[in-house]
Amino acid sequence: MPTVRIAVFLVSLGLSAFAHAALEIEISGGGAQQLPLAIVPFTQSNPSPDNISQIINADLKRSGLFRMLETAGVASRPSDISQIKYAEWVALQAQAVAVGKVEALPGNRLNVSFQLVDVLKQSQLASMQYNIAANQLRPTAHKIADAIYQKLTGEDGIFSSRIAYVAKLNGRYALRVADVDGENAVTMVSSKEPIISPAWSPDGSKIAYVSFEKKKPIIFIQTLSGQRTVLASFKGNNSAPAWSPDGTKLAIVLTYGANSQLYTIRADGKDLQAVTKSSAIDTEPTWSPDGAWIYFSSDRGGRPQIYKVASGGGDVQRVTFEGVFNLSPRVSPDGKFLAMVRNDGGKYRLVLQELASGQVQVLSEGGQDESPSFAPNGRVLLYATRSGDKGALVAVSSDGRVQQRLNESGGDIREPAWGPLIK
Amino acid sequence: MNGHIWKKSTWNSKLVSSLALALILAACKSTPMVDKPAAVEDRSPAVASAAKPAETAVAAAVDTAAVKEVVIDSNAGANSNNPLKDPNNILSKRQIYFDYDSDAVKAEYRPLIEAHAKYLLANRAAKVIVQGNTDERGSREYNLSLGQRRSVAVKKSFNLLGVQDGQIETVSFGEEKATATCGDETCAKQNRRADIVYENE
């Protein structure tokens with residue numbers, strides 16, 4: 001399996017920005033080597049709590065694709081390409097360097113500029129300028145990290161996207177939305193009763209979720225601006241909302257007086273259609289990116305495994321055969337991989353299955369890992385884990401090599417959902 | 001709905017035989033607040049739920065229906081004539097425990113199921129809500145489905161004894177309402193259960 005992943009990685013990188021010979025990623029020890037990259041601290045005249053270069057550095061480091069170099073020992077502090085002394089950066093073994101500055105403008109605005117440079121070729125790879133309100137430094141830092149990532153990998157950066165999760169604190173539940181680095185967390189809704197299963201609409205403007213506030217699971221849709229509507233409140237349980245890729249409808253799970261079954265419903269709550277009709281549990285629907293299939297978990301074969309069905313209903317095909325059981329399927333944005341939670345010998349761990357070959361790669365050591373969610377570029381997954389009675393989120397690269405834990409101080413967080421790219 | 005049951009079980013712990021408090025609780029029960037959609041940002045629940053009923057307590061005090069409910073509330077623990085509450089009566093036993101990843105109602109619960117079925121057949125106005133629960137292992141959504149399957153299994157046991165669906169509602173809380181959270185099997189097995197709750201209890 002690792003060889004397959006690496007091959008995919010090389011092809012995508014090799015044909016894009018890494019056509020620059022100097023920036024080619026080398027393979028060693030069965031994994032792709034990280035690209036050595038230096039972010040020179042930006043000249044920042046205005047006082048701000050947000051250090052723009054630190055934010056860029058942290059974003060790129062978290063991606064797992066770059067080895068972020070310490071620049072403190074370098075004599076010069078260039079803030080523009082014209083000031084770069086290339087020998088210094090060659091000595092540091094940097095293959096790319098980013099320089100930039102933040103200048104105050106009249107009317108509480110800032111001018112942010114940066115350049116990305118290929119050290120060996122001594123040539124400019126990217127140059128951008130942003131005229132922003134003074135409080136937009138942090139989102140601008142994420143945009144610059146996106147631009148650097150895009151230039152060096154040829155793929156979309158994800159640093160401007162947002163995540164949603166549920167926090168439990170002092171016996172209350174809060175659905176929160178935060179920047180991808182965990183900053184700027186905002187509570188969308190809070191309740192004494194549990195909230196589970198947040199799901200972003202494809203345009204990033206709304207989140208569907210399940211709330212127990214009426215003493216049974218009901219599905220709500222809420223816009224980020226605070227408008228809240230009931231999507232499904234049928235007899236029995238209403239749960240597991242999953243938006244279709246075009247955002248017009250959702251797959252949901254209803255029980256009425258019996259077991260969980262899959263349905264689709266329009267985003268305005270109309271046109272309810274049954275997708276599965278079984279005497280088993282069918283739940284946790286997730287769409288293929290082309291909207292043609294719904295993957296779901298079902299115990300129709302005994303223990304729960306992953307199956308798929310045409311999104312309009314029809315014959316059901318089994319997708320997973322390994323593992324004691326498999327839960328919580330999520331299709332990768334390119335439609336080629338299926339992430340899920342596998343139980344092997346009592347440990348719940350995150351695994352990635354290539355749909356074409358059936359080959360499986362283990363992504364987490366395991367314990368009580370659950371709720372995988374793909375980053376919009378498919379390179380990273382977010383999942384929930386537990387240590388003691390506290391929940392935390394973990395970001396893992398899709399090759400399993402880099403992991404980072406997201407905690408909320410004193411809090412118990414779970415149910416992550418990675419939002420779409422907003423362009 | 002089981003809304004009242006859950007509300008009440010929370011409130012019962014606060015019931016300190018204070019008439020004023022009882023009236024406030026009655027007001028709370030009788031106002032639409034119980035089923036009101038939660039505020040989008042309900043930052044101070046303690047203040048909100050204490051302040052709102054107090055405002056309506058005067059109105060509720062002249063509402064005989066509301067006062068009557070308070071009487072039921074305050075007698076709930078002391079009603080020895082109610083077989084459902086008599087600790088010596090099997091009808092006071094409400095928990096059915098399940099094996100891991102299983103919805104099979106074990107033979108040991110047959111007397112309990114039969115007693116409640118007999119009561120429901122004799123009291124056609126009585127209604128039960130069967131609430132399914134699970135331990136924390138597995139995904140939240142699958143556990144919601146598994147809890148539902150357990151509540152449905154109990155419902156079917158009732159159906160087989162002649163109780164009609166109109167007297168039974170099935171809901172699931174999945175792993176969200178775990179009563180024991182020590183993380184090991186001793187707690188997990190307490191959470192794999194269905195609770196039989198009578199409407200208006």
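I am working on a predicted model, where local features need pLDDT of at least 70, side-chain atom pairs count only at pLDDT 80 or more, and totals for chains, interfaces and linings use all residues. Residues are numbered from 1 along each chain as its sequence is written, while chains are lettered from A and ligands numbered from 1 in the order in which they are written.

Between them, 11 residues of domain 1 are in contact with 13 residues of domain 2 (C-beta atoms, placed from the backbone, within 7 Å). On the domain 1 side, helices H1 (2-14), H2 (52-62) and H4 (137-153) of chain A each supply at least two residues; helices (H or I, at least four residues) and strands (E, at least two) are DSSP runs, numbered from the N terminus. I sorted that side into 3 nonpolar, 4 polar and 4 charged residues. Here Ala, Val, Leu, Ile, Met, Phe, Trp, Tyr, Cys and Pro count as nonpolar, Asp, Glu, Lys and Arg as charged, and the others, Gly among them, as polar.

**Chain B against chain A.** Next I looked at the contact between the chains, which takes 29 residues from chain B and 37 from chain A. On the chain B side, helix H1 (3-12), H6 and strand S3 (168-174) of chain B each give two or more residues.

**Helix H6 of chain B.** I checked its length too: the 21 residues (140-160) should span 30 Å at 1.5 Å a residue, and the end C-alpha atoms are 30 Å apart, which agrees. The expected span is 1.5 Å times one less than the number of residues. Of the 21 residues of H6(B), 18 are buried (20 or more other C-beta atoms within 10 Å; exposed is 12 or fewer, partly exposed in between; C-beta atoms are placed from the backbone). Just after H6(B), I noted B:Gly162 with a positive phi of about 100 degrees.

**A:Val90.** I located A:Val90 in helix H3 (86-91) of chain A. It counts as partly exposed because it has 13 C-beta neighbours inside 10 Å. A:Val119 is 29 residues away in sequence, yet 6.7 Å away in space, C-alpha to C-alpha.

Methods. Two residues are in contact if their C-beta atoms, placed from the backbone, lie within 7 Å.
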